[in-house]
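Thanks for coming. I have one structure for you today, and I will go from the whole chain down to single residues.

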Amino acid sequence: SFSRQEIGGSIGGPIARDDLFFFFALERFRERQNVPVSQAAAVQIPLIPGSEFVSEIPTPYNDTLLTARVDHNLTDRQSMFYRFAYQKNNSPNDQVANPATTDLTGGNTDDNELYSFVANHTWTLSATKLNQFSFHFQDFSNAILGVTTEPQLQFPGGITIGANTNVPQATEERKFQFRDDFSWKAGDHDM
């Protein structure tokens, strides 16, 4: 069976009239479905000692997204904004083929987490000069792990039990970015 739910909302408005504003959004995505085990595997896997046979392998997916932002007018010529974003998702057994030719030991975990922060300062120096400075930080973590450390056993017809050969996988990234843009309009030309 298949089911999907998506829910979310956002809110925003002034904190201090004409000077400070906020925005906040939250989303949640939840999906449930199963991958059927092939007919050939359904006949063979229960005969294998130690196997964990099921007729369908669950492949749920969960995703949470959050964004928060504050805009601040410092003066009539300077403004700043700050933005924080977060995402976390997981999708167990997403490495299992469809139809499945394995038991539950051929599954995997899949967890991702992302944090992001941006601060931006905009300064109108004159009618022809503008400076924008921004700082961005991002932290990303991904882990796709097996649900067992037992070796993978292969049988005729492509039937397998044990650790999924696509795992483990992992990514860790941390980024810092500084950027300054200066714009100057002279006559009919931009620099």
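**Arg69 and its partner**

I start with one side chain: at 29% relative accessibility, Arg69 counts as partly exposed. Please keep in mind that this is a predicted model. Arg69 meets the side chain of Asp71 in a salt bridge, at 2.9 Å from N to O. Asp71 is partly exposed as well, with a relative accessibility of 28%.

Now the whole chain. What does the secondary structure come to? Reading from the N terminus, the order is β-β-β-α-β-β-β-β-β-β-β-β-β. The radius of gyration is 26 Å, well over the 16 Å that the globule rule gives for 191 residues, so the chain is more spread out than a compact globule. Along the principal axes, the C-alpha atoms fill a box of roughly 80 × 30 × 30 Å.

Of the 191 residues, 28% are buried. The accessible surface is about 11900 Å², and carbon and sulfur atoms account for 56% of that. On contacts, take those between residues at least 6 apart in sequence: 64% of them join residues at least 24 apart. As for charge, there are 14 positive and 23 negative side chains, and the centres of the two sets lie 8 Å apart.

Back to salt bridges. How many does a search of the whole structure find? Six. Besides the one I opened with, I will show two.

One of them joins Asp139 and Arg174, with 3.1 Å from N to O. Asp139 lies in strand S8, residues 129–146, and Arg174 lies in strand S11, so this pair ties together parts that are 35 residues apart in sequence. Are the two partners buried or exposed? Asp139 counts as buried, at 16% relative accessibility, whereas Arg174 counts as exposed, at 56%.

The other is between Arg179 and Asp181, where the closest N and O atoms are 2.9 Å apart. Arg179 is partly exposed at 46% relative accessibility, and Asp181 is partly exposed at 30%.

Next, the backbone. Most residues other than glycine have a negative phi, and most peptide bonds are trans. Here are some exceptions.

Where are the cis bonds on my list? One runs from Asn98 to Pro99, with omega near 5°. Pro99 is in the loop between strand S6, residues 78–90, and strand S7, residues 108–124. Another cis bond runs from Val167 to Pro168, again with omega near 5°. Pro168 sits in the loop between S10 and S11.

Asp18 is not a glycine, yet its phi is positive, at about 65°. The loop between strand S1 (3–16) and strand S2 (20–32) holds Asp18, which counts as exposed at 53% relative accessibility. Asn93 also has a positive phi, near 65°. Asn93 belongs to the loop between S6 and S7, and at 10% relative accessibility Asn93 counts as buried.

Last, Ala163. This residue is in the loop between strand S10 (159–161) and strand S11 (169–186). What does Ala163 contact, leaving aside neighbours within four places in sequence? The contacts are Thr105, Thr148, Glu150, Pro151 and Gln152. Thr105 is 58 residues away along the chain, and its C-alpha atom is separated from that of Ala163 by 6.2 Å.

That is what I have; I will take questions now.

Note on methods:
Residues numbered from 1 in each chain as written. Predicted model: local features only at pLDDT ≥ 70, side-chain atom pairs only at ≥ 80, totals over all residues. Heavy atoms only, no water. Helix = DSSP H or I, 4+ residues; strand = E, 2+ residues; numbered from the N terminus. Rg over C-alpha atoms; globule rule 2.2 N^0.38 Å. Buried < 20%, exposed > 50% of the residue type's maximum accessible area, 1.4 Å probe, protein only. Contact = heavy atoms within 4.5 Å. Areas by Shrake-Rupley, 256 points an atom, 1.4 Å probe, with all protein chains shown as cover. Lys, Arg positive; Asp, Glu negative; His and termini not counted. Charge placed at Lys NZ, Arg CZ, Asp CG, Glu CD. Salt bridge = Lys/Arg side-chain N within 4 Å of Asp/Glu carboxyl O.
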